[in-house]
Amino acid sequence: MIYALVNDLFFRSKIEATARVQNKEVHFTSGASAIRNATLVLVDLEFARPEDLSLILKNNPLVQMVGFASHKNAGAFEMAKHAGIHAMPRSLFTQKISDLLEDK
């Protein structure tokens, strides 16, 4: 299952549009506790908290997590690094959404 922990409506709509084209189902949630049996979790690092990321990884040990944040938000990238999450700037994430969903 693919989940997205995304608060930004702009990125939510981009993910939804890409998923629709690829006939993929993405479950959007505002809480990490709702994420179960995930294969991929897309995370807005400017919205997520470190405890959310830990909970997701604890409940889904085999999950691939990809985070995105403003390239200026060094704190978000540091948080992702400590949590073991692949993180990228928002601009690169926008380019990679299709590839990320295609693999799942």
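Student: Which residue stands opposite Tyr3?

Tutor: In this predicted model, Tyr3 stands opposite Val41 of E3. The two residues can be read within their strands: E1, residues 2–5, pairs with E3, residues 40–44, in the parallel sense over 4 bridges.

Student: In what order do the strands form the sheet, and what is the sense of the pairing?

Tutor: The sheet is open and has 5 strands, ordered E2-E1-E3-E4-E5, with parallel pairing. Its edges are strand E2 (26–28) and strand E5 (86–89), each of which pairs on one side only. From one strand to the next, the twist averages 20°.

Student: Which strands does helix H2 touch, and how is its direction related to that of E4?

Tutor: Helix H2, residues 50–59, packs on the sheet and touches E1, E3 and strand E4 (64–69); the direction of H2 makes about 160° with that of E4. Taken together, E3, H2 and E4 make a β-α-β unit that is right-handed.

Student: What unit do E4, H3 and E5 make?

Tutor: E4, H3 and E5 make a right-handed β-α-β unit. Helix H3, residues 74–83, lies across E4 and E5 and runs at about 160° to E5. E4 and E5 pair in the parallel sense over 4 bridges, and Ala69 stands opposite Pro89 of E5.

Student: How many residues of E3 are buried?

Tutor: The count is 5 of the 5, so E3 is largely enclosed by the rest of the structure. Both of its faces are covered: Leu40, Leu42 and Asp44 are buried on one side, Val41 and Val43 on the other.

Student: For a helix, where do the buried residues lie, as in the case of H3?

Tutor: The general idea comes from helical geometry. An α-helix has 3.6 residues a turn, so residues three or four places apart point the same way. In H3, the buried residues are Ala76, Met79 and Ala80. Viewed down the axis of H3, these residues fall within an arc of 95°, so they line one face of the helix. Their cover includes H2, E4 and E5. The face of H3 turned away from this buried side carries exposed residues, namely Ala74, Lys81 and His82. Just after H3, Gly84 takes a positive phi of about 80°.

Student: With which residues does Arg90 form a salt bridge?

Tutor: Side chains of opposite charge can pair when their charged atoms come close. The structure holds 6 salt bridges. In one of them, Arg90 pairs with Asp44, the closest N and O atoms being 3.5 Å apart. This pair links distant parts of the chain, with Arg90 in helix H4 (residues 90–102) and Asp44 in strand E3, 46 residues apart. Arg90 also forms a salt bridge with Glu46, where the closest N and O atoms are 3.6 Å apart. Here the connection runs from helix H4 to the loop between E3 and H2, and the residues are 44 apart.

Student: Which side chain meets that of Arg49 in a salt bridge?

Tutor: Arg49 meets Asp52, with N to O at 3.0 Å. Arg49 is partly exposed at 45% relative accessibility, whereas Asp52 is buried, with a relative accessible area of 10%. Elsewhere, salt bridges that share partners join Asp8, Asp44, Glu46 and Arg90 into one network.

Terms used: Residues numbered from 1 in each chain as written. Predicted model: local features only at pLDDT ≥ 70, side-chain atom pairs only at ≥ 80, totals over all residues. Heavy atoms only, no water. Pairing = 2+ DSSP bridges. Axes fitted to C-alpha atoms, helices over the stretch in contact; angles between N-to-C directions. Contact = heavy atoms within 4.5 Å. Right-handed = clockwise from strand over helix to strand, strands pointing away. Buried < 20%, exposed > 50% of the residue type's maximum accessible area, 1.4 Å probe, protein only. Arc of directions from axis to C-beta. Salt bridge = Lys/Arg side-chain N within 4 Å of Asp/Glu carboxyl O.
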